[in-house]
Amino acid sequence: MEVVKVTPRGYCKGVVRAIQIAKECAMKYPDVPITVLGMLVHNRYVMEALKLYHIQMIDDPNKTRVELLDDISEGIVIFTAHGIAPSVFAKAKEKGLIIIDATCPDVLKTQEIVQAHLSKGYEILYVGKAHHPEAEAVCAISNHIHLIESSDHIPLHIQNPVFVTNQTTMSIFDLKRLFDQIKVLYPNAVFCEEICNATRIRQEAVANAANEGVDVLFVVGDITSNNSNRLAQIALEQGIKRVYLIDSVQDIQDEQLLNCQRVAVTAGASTPTYLTNQVISYLNNYATQKQKPEIVISKIL
Ligand code: SF4
């Protein structure tokens with residue numbers, strides 16, 4: 001069985017930066033409680049590994065970031081790579097928390113572009129995922145921002161000039177379709193495509209792998225990771241018949257590899273390289289050794 005390592009894959013610069021910021025914070029404040037507001041990056045193994053640095057996390061899919069802040073009473077709060085709404089920032093300050101902001105610069109850039117167009121009187125159509133922290137942070141800025149998850153959400157009859165942009169980790173293919181549909185309704189709208197480069201080149205690499213023909217693709221990534229889910233979605237859309245989003249090597253099942261001549265491996269931007277390398281190594285040795293390696297949390301970061 002041939003193992004194709006899809007390149008590029010795995011950690012992006014925003015994730016590496018966020019993890020570095022969190023680790024430096026832990027070293028600088030060894031005696032202060034440190035809490036991440038949500039998942040620093042969308043990978044549960046990264047969050048487990050951060051506990052070894054005395055960094056805790058609070059998360060609840062039914063609560064907004066503003067609501068979650070009520071559960072932090074002291075110490076340091078770290079804002080995640082997905083960005084934060086100005087109201088959350090203000091509330092953390094009011095509570096007297098020390099703020100460490102690990103927002104990815106690419107996410108911040110999109111927020112600044114949205115703010116600039118709001119101040120010029122634009123109505124914003126923001127293509128993103130409901131309940132994703134990046135979209136939540138942008139949409140909390142103003143009532144003039146409309147979250148567009150599908151063409152059903154495109155508002156009709158907007159009178160103000162329209163500005164259209166997006167969450168950084170959307171599918172390049174979905175986004176083009178939605179932008180085209182919006183263009184039909186609002187031919188004078190201003191478009192600013194904000195898929196980050198890391199997301200784009202990982203998605204293009206998966207599409208190329210599909211064109212070259214593989215039987216099975218494993219996407220190593222967390223179920224909560226939007227960019228990992230998009231890689232799996234694009235692989236299916238581009239014709240790979242068997243696509244599996246897996247947390248780690250532990251999730252690989254023998255049935256998934258039946259009659260497989262070429263298996264490809266990619267990883268979401270928040271997936272630790274250690275986990276992806278374990279998957280690749282296991283598949284490389286699949287014919288001779290079926291023992292799965294253990295996951296050692298201290299090796300994650
Ligand atoms: S996927 Fe893109 S936007 Fe998200 S953290 Fe990485 S570089 Fe930043």
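Biologist: Hi! What should I know before I start clicking on residues?

Modeller: Residues are numbered from 1 along each chain as its sequence is written. The model is predicted, so local features need pLDDT of at least 70 and side-chain atom pairs count only at pLDDT 80 or more, while totals for chains, interfaces and linings use all residues.

Biologist: Great. Which residues come nearest to the ligand?

Modeller: C12, G14, C104, T168 and C196 do, out of 15 residues around the ligand. A residue is near a molecule if its C-beta atom, placed from the backbone, lies within 6 Å of it.

Biologist: And which elements give two or more residues to that shell?

Modeller: They are α1 (13–28), α5 (105–119) and α8 (197–212). Helices here are DSSP runs of H or I with at least four residues, strands are E runs with at least two, and both are numbered from the N terminus. The most comes from α1, with three residues.

Biologist: How do the shell residues divide into nonpolar, polar and charged?

Modeller: The shell has eight nonpolar, five polar and two charged residues. Ala, Val, Leu, Ile, Met, Phe, Trp, Tyr, Cys and Pro count as nonpolar, Asp, Glu, Lys and Arg as charged, and the others, Gly among them, as polar.

Biologist: Switching to the core. Which residues touch the most other members of the largest nonpolar core?

Modeller: L40, I78, L217 and F218, in a core of 80 residues. Such a core is a set of buried Ala, Val, Leu, Ile, Met, Phe, Trp, Tyr and Cys residues joined through C-beta atoms within 7 Å. Buried means 20 or more other C-beta atoms within 10 Å of the residue's own, exposed means 12 or fewer, and partly exposed is in between, with C-beta atoms placed from the backbone.

Biologist: What is L217 in contact with?

Modeller: Leaving out neighbours within four places in sequence, L217 contacts A209, A235, I240, V243, A264 and T266. Contact means that the two C-beta atoms, placed from the backbone, lie within 7 Å.

Biologist: How many bridges join β10 to β11?

Modeller: Five bridges join β10 (residues 216–220) to β11 (residues 242–246), and the two strands run parallel. From β10 the chain crosses through helix α9 (residues 226–237) to β11, in a right-handed β-α-β crossover. Right-handed means that, with the strands pointing away from the viewer, the path from the first strand over the helix to the second runs clockwise.

Biologist: Is G128 buried or exposed?

Modeller: G128 counts as buried because it has 24 C-beta neighbours inside 10 Å. G128 sits in the loop between β6 (123–127) and α6 (133–139). Beyond four places in sequence, G128 touches E134, A135, L147, N166 and Q167.

Biologist: H131 is in that loop too. What is its phi?

Modeller: Phi of H131 is near 70°, a positive value in a residue other than glycine. H131 is exposed because 11 other C-beta atoms lie within 10 Å.

Biologist: And what about phi of N259?

Modeller: Phi of N259 is near 55°, again positive in a residue other than glycine. N259 lies in the loop between β11 and β12 (262–267), and N259 is exposed, with 7 other C-beta atoms within 10 Å.

Biologist: Last one: which peptide bond is cis?

Modeller: The bond from T7 to P8 is cis, with omega near 0°. P8 lies in the loop between β1 (2–5) and α1. Most residues other than glycine have a negative phi, and most peptide bonds are trans.

Key
Two strands pair if DSSP finds at least two bridges between them.
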